[in-house]
There are 4 protein chains.
Amino acid sequence: MIVIMERRASDDQIQQVVKRVEELGFRAHLSRGEERTIVGVIGDERPLSIESLEVLDGVERVVPVLHPFKLASRDFKPDRTVIDVDGVRIGGDEIVVMAGPCAVESREQLLETAWAVKEAGAKVLRGGAFKPRTSPYTFQGLGIAALELLGEASETVGLPIVSEVMSASDIEAVSKYAEILQLGARNMQNYSLLHDVGKTTKPVLLKRGMSSTIHEWLMSAEYILSNRNYNVMLCERGIRTFETATRFTLDINAIAVAKQLTHLPIIIDPSHGTGKANLVPSAAKAAVAAGADGLIIEVHPNPDRALSDGAQSLRPEAFQKLMAELRQIASAVGRQM
Amino acid sequence: MIVIMERRASDDQIQQVVKRVEELGFRAHLSRGEERTIVGVIGDERPLSIESLEVLDGVERVVPVLHPFKLASRDFKPDRTVIDVDGVRIGGDEIVVMAGPCAVESREQLLETAWAVKEAGAKVLRGGAFKPRTSPYTFQGLGIAALELLGEASETVGLPIVSEVMSASDIEAVSKYAEILQLGARNMQNYSLLHDVGKTTKPVLLKRGMSSTIHEWLMSAEYILSNRNYNVMLCERGIRTFETATRFTLDINAIAVAKQLTHLPIIIDPSHGTGKANLVPSAAKAAVAAGADGLIIEVHPNPDRALSDGAQSLRPEAFQKLMAELRQIASAVGRQM
Amino acid sequence: MIVIMERRASDDQIQQVVKRVEELGFRAHLSRGEERTIVGVIGDERPLSIESLEVLDGVERVVPVLHPFKLASRDFKPDRTVIDVDGVRIGGDEIVVMAGPCAVESREQLLETAWAVKEAGAKVLRGGAFKPRTSPYTFQGLGIAALELLGEASETVGLPIVSEVMSASDIEAVSKYAEILQLGARNMQNYSLLHDVGKTTKPVLLKRGMSSTIHEWLMSAEYILSNRNYNVMLCERGIRTFETATRFTLDINAIAVAKQLTHLPIIIDPSHGTGKANLVPSAAKAAVAAGADGLIIEVHPNPDRALSDGAQSLRPEAFQKLMAELRQIASAVGRQM
Amino acid sequence: MIVIMERRASDDQIQQVVKRVEELGFRAHLSRGEERTIVGVIGDERPLSIESLEVLDGVERVVPVLHPFKLASRDFKPDRTVIDVDGVRIGGDEIVVMAGPCAVESREQLLETAWAVKEAGAKVLRGGAFKPRTSPYTFQGLGIAALELLGEASETVGLPIVSEVMSASDIEAVSKYAEILQLGARNMQNYSLLHDVGKTTKPVLLKRGMSSTIHEWLMSAEYILSNRNYNVMLCERGIRTFETATRFTLDINAIAVAKQLTHLPIIIDPSHGTGKANLVPSAAKAAVAAGADGLIIEVHPNPDRALSDGAQSLRPEAFQKLMAELRQIASAVGRQM
């Protein structure tokens, strides 16, 4: 960390900062500029809070030098993480597409979608059993019944499942049927839940919070990794901005930024990232071109009858057409799909 | 709801929308303008998702007419809700100040702060036992031990306690010692937890998510109310914007907006809303002038030794001085403190 | 427009709204729902301000039905606009790349860059003469001398020029040497300047304001179009969000949204859209895959000596490599480059 | 400035940074930490762009130490600036209220408003002659005719005028009738115009751009100050955020932050800062309590007939009532009004 002193900081205030730095177990390094004195903090600053120094008299600002995440960083692990999910390798050369309905609604709906997405080339089946909904008066998911249907669909069609956990009490049930535990955007900083999925051995798909910075996203991954679950994939799903023409703003820059900072695979969700079915193909293609390791896409046989997220769900035919286009782009950027 | 059709929507597409509206149990009302046809949806639209209609062919946009929240609305309950916490009335004419350390660190720290804030006029003691922290490597709160200390401080000093619950498993323990359950900003859309605190009889302080709209905040309150816990107070604590000079941007407009929309009391947190102790007084005074029903303020006897949020904690003397200033403003706007 | 009345609006208030709508030269259409009455406004609402009705007693909200832009809309002109710049067709099947230095610094710098970008396949040379800079103490551009150098480079290398106008007084001089007038993000709502470039016959590259919605961007285009200059191309260059890892957040969704709303060509600026040279390739590839009609990219032979925007400028070799990759993606989406 | 090297930066890369720092006329100060080497840049860094160093090989990040503004800073001028406008002192102990219609529409409208606001205690009359409007199809202001009416109203009623300049060509005419030149939010980074008003001797009211940081706002003030016009007052008028319940989010924190950074007076515009007349009183009261030096408020005798901004304009009676309330709060915070 670097402590920037106020212009008029007294020698005594500077000495107090040096003393406090040393008390905290670090070495201090003084540098006097023309208008400001700077105190460098030498040592592993990660467990140190900026505030411990910011609060001292005469301090103007404290700037961290190191990223606050360690296990998630490329400094710590330069090689890319590849996660094996029942033989599907996520984070390698192949771009993996996960697809399926927002929520499981019935056996027919699920199986019809599952066959369709498999045929089009999806490698993982998505489907929600427990649904986080802004209104308590709308469909909340079929719960355990949905999980059983997912288990059945997985066996019948031969695709592994990704499904969301909303609380600690869901983990056991979801783990029984799903190969990947999804952590939703609204729970990205639910630290109890991060801790709990970190104690499992299941791969985790960690969605970025809609107003979380990339650094905070990696810190949430760090919670899972530091509990010894190393199979985390990051999922960008649109951030909240002032723009109202789309439900969210897909942060396409996040792909390249995250790839520089971390070794974890990056998945893009163009369905939530746009909020409208007719914008999904453009966003999906952009994601593959930008270097994403995978996509997660909502598909529904009858979007106008969907109990949730119909407006952003592709029909099976549209999904199949999109997959063909994505393969062209994957090949143009030197990857398989 | 109002369905705005595309300019080139065919008669058949319009008829399909009317048909679907009727299938969903509503009446449809057609209005043909010069460039667009509009279909009005007559009936209680709240359980209806915008997407069920948005997804139909020829539809350009769907606009909700009613607010999605009901129990939280002034339409439903015109009179203001006043919550009684051990004789402290929140939401009435008096402005209630809750104060204390961000986290409970030790008996000495807690008791010293508790006496100081009580003497200065605070009516509720705040203190965290379970702390949501962005980094897994920093202080996570003392847990149960902190709750026991809060119980002791409450009895000794004679102030009721507000303390945060981070997961369902915390509710029982926190309820044993605290009179008000706090739901943190990062958990505002943790629907499992909203559901669970809705099943208790304890008053809930519901912090606004840092990127949640006022409507979403009221929908989260609706989750609690619809589970029959009617004692919800809303807490604005700063939203995330592009501005980096402050940790968050305190949304002062939210006070007047929320008071128009809902009957629930509005509390302001100037500590998180600014992130810096020397900005807290200005924000606190603004909040009282703008019509807040209460404040929640972080106070620590030694901010430079605080294990969390030191930079935004007031020293007891600064808090006492602020309280005197706030009383003047409360009186200027016709309220007591 | 649709006027949504308050729940408790009286019959008299409703009649006042109807009367006002008629006074303003529109017809009113009443629809009484279960909880709200709605007044539809029939007629071309574009010249009508929402506020004229919003301000009436008993009105809760006014919702526009039509987009506020007309000449820029696909409703008005369904076919795509193709702009011919010295034989370079922008908005057609070919993806056009404009490239060059942020600012013209010297004859050598400009010519070296011009030859390099031409060889790599760029079709337009960019270069700033008048530079909008946040600090009055940094390089402000060479002005007229830069324009003369641009004119010389254009003749020597054989590429048309795009260069920025910062005020009305620049228009004549810039028009003498440049084929495309650039209007910068910070001037997107400089209505005097929009009016003035609308009076010229030069194609205009209109950058999106860093916090302007897509609708506002199209309204600024409308200013130019309504002054009878129909050759406007839109340029997305990143919006301001809470994320600090990049200088701006490139709004990749804006491409597909704008293509639905307008017939004007869409250009993407991945240099400003990311702010870092090593993020430019990923963003540029995403833009082509998402359907952009062109790109504008900063290239400098010695970024570490650049007088402005060095950090986001590509070296000529990096630009050449990128162009080869972009050609692959253009081909994968069925376009030429 | 502080240059943070990458973890794996070579000694040669570090030496190149040191060499470049020295070439640029600064001294370099090396500090080797456990994981990173840091190069301090000693000297007045303000004319130096971050990018000149950021672009060098092996550099991870560059952090400025000094604020980029100088003349606007309290470091440069610790005493508060008080601006005298025809005997009205802005920036002193008195809180100054400027009020009047958004746009001048007619002699009657203007005079009626002018008498009303003067009687209620306003000290400056506001009124727009040149109006920046998002749509080219709506009222654009009466121009010179409006200025003449403002001149007449000023003489008749005895209040100095504040009115907006939209381009260089307006300055002379506006200066003839107005005592304060207003620079609108959309022109905050119109550097040509900043330069031009900096060359006048008229006090300037500089509105903050709707997505400009406080630092950028002060940099725009610096443009004016560095052209030797030292009479700049800053005006916060709401920033753009994700919240849609209000037109803008009034950044109440900006008052205390700006007062720490600069000696210039801070004015608050609660009309634009909320966008709705019924939210203006709450915001205005908050601003006075938070320490604003003045307010600028839109007042119109018939808001429902206003040609612009009717929805956020107070009627004269509401304004008078608000002024009485504001006086109470001013007195509670030890100021006059």
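Modeller: Happy to! Let's look at a pair of helices in chain D: α3(D) and α4(D) cross in a right-handed way, where right-handed means that the near helix is turned clockwise from the far one, and left-handed that it is turned anticlockwise by less than a right angle. This is a predicted model, in which local features need pLDDT of at least 70, side-chain atom pairs count only at pLDDT 80 or more, and totals for chains, interfaces and linings use all residues. Residues are numbered from 1 along each chain as its sequence is written, while chains are lettered from A and ligands numbered from 1 in the order in which they are written.

Helix α3 of chain D covers residues 107–120 and helix α4 of chain D residues 144–158; helices here are DSSP runs (H or I, at least four residues) and strands are too (E, at least two), numbered from the N terminus. The two helices pack at an angle of about 35 degrees, with axes 10 Å apart. Axes are lines fitted to C-alpha atoms, for helices over the stretch in contact, and angles run from 0 to 180 degrees between N-to-C directions.

Who touches whom? From α3(D) come Arg107(D), Leu110(D), Leu111(D), Ala114(D), Trp115(D) and Lys118(D), and from α4(D) come Leu149(D), Ala153(D), Thr156(D) and Val157(D). Contact means C-beta atoms, placed from the backbone, within 7 Å. These residues divide into seven nonpolar, one polar and two charged (Ala, Val, Leu, Ile, Met, Phe, Trp, Tyr, Cys and Pro count as nonpolar, Asp, Glu, Lys and Arg as charged, the others, Gly among them, as polar).

Chain D also meets a neighbour: 22 of its residues are in contact with 22 residues of chain A. On that side, β3(D) gives the most, with three residues, and the residues divide into eight nonpolar, seven polar and seven charged.

Note on methods
Contact = placed C-beta atoms within 7 Å.
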